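Open the model in your viewer and show it as a cartoon.

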Amino acid sequence: NAIENAARNRVPGIEISETGSEFMIGRRADFVLANINRSVILDNMEIFAGVLHPGGSLLVSGILESDREMVIEAARTYNLQLSVCVTEESWIALRFTA
């Protein structure tokens, strides 16, 4: 879906991967989207934070509202600041800025 949406919206320069986070090591990005689950996001927070350019954004979703503080604290460990939280029923999406 991501590939189709990027093409439909004529968005250049996007790399989409269905592989593990090892794909990201050694790369730099303005934006990282991780729609997985809390455990995978927490396990990979250091990699996500490490690839972001200064001022870049990390958007994480697939997280239960009850896990919000745990994910925020993990992000703070890597100097990511919460900028947006969106809630829908018991699910949240969080946007962090490097």
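Start by selecting S2 and S4: they pair in the antiparallel sense over 7 bridges. Two strands count as paired if DSSP finds at least two bridges between them. The names come from DSSP runs: helices are H or I runs of at least four residues, strands are E runs of at least two, numbered from the N terminus.

Two notes on the model before you go on. It is predicted, so local features need pLDDT of at least 70 and side-chain atom pairs count only at pLDDT 80 or more, while totals for chains, interfaces and linings use all residues. Residues are numbered from 1 along each chain as its sequence is written, and side-chain values use heavy atoms, with hydrogens and water left out.

**The rest of the sheet**

Find Gln81, which stands opposite Thr97 in S4. S3 and S4 form a hairpin with 2 residues between them. In the turn, Glu89 has a positive phi of about 55 degrees.

S1 and S2 pair in the parallel sense over 6 bridges. Here Ala29 has Leu52 in S2 as its bridge partner.

What is the order of the strands in the open sheet? It is S1-S2-S4-S3, 4 strands with mixed pairing. Strand S1 (29-35) and strand S3 (81-88) are at the edges, each with a single partner strand, so one side of each has no neighbour in the sheet. From one strand to the next, the twist averages 10 degrees. Angles run from 0 to 180 degrees between N-to-C directions, and axes are lines fitted to C-alpha atoms, for helices over the stretch in contact.

**The helices**

Select residues 38-51. This is helix H2, which lies across S1 and S2 and runs at about 175 degrees to S2. Next, select residues 68-77 for helix H3, which packs on the sheet and touches S2, S3 and strand S4 (91-97). The direction of H3 makes about 15 degrees with that of S4. Contact here means heavy atoms within 4.5 Å.

Show the side chains of Val71, Ile72, Ala74 and Ala75, which are buried in H3. Buried means under 20% relative accessible area, exposed over 50%, and partly exposed in between (1.4 Å probe, protein chains only). Look down the axis of H3: its buried residues fall within an arc of 160 degrees, so they line one face of the helix. The arc is taken from the directions from the helix axis to the C-beta atoms. These buried residues pack against H2, S2, S3 and S4.

**The core**

Which residues touch the most other members of the largest nonpolar core? Select Leu58, Val60 and Phe96, out of 21 residues. Such a core is a set of buried Ala, Val, Leu, Ile, Met, Phe, Trp, Tyr and Cys residues joined through side-chain atoms within 4.5 Å. H2 gives the largest share, 5 residues.

**Last stop: Ser57**

Click Ser57, in strand S2 (residues 52-64). Is it buried or exposed? Ser57 is buried, with a relative accessible area of 5%. Its side chain makes a polar contact with the side chain of Arg95 (2.9 Å). A polar contact is a pair of N or O atoms within 3.5 Å; within protein, one must be able to donate a hydrogen and the other to accept it, and residues adjacent in sequence count only if both atoms are side-chain atoms.
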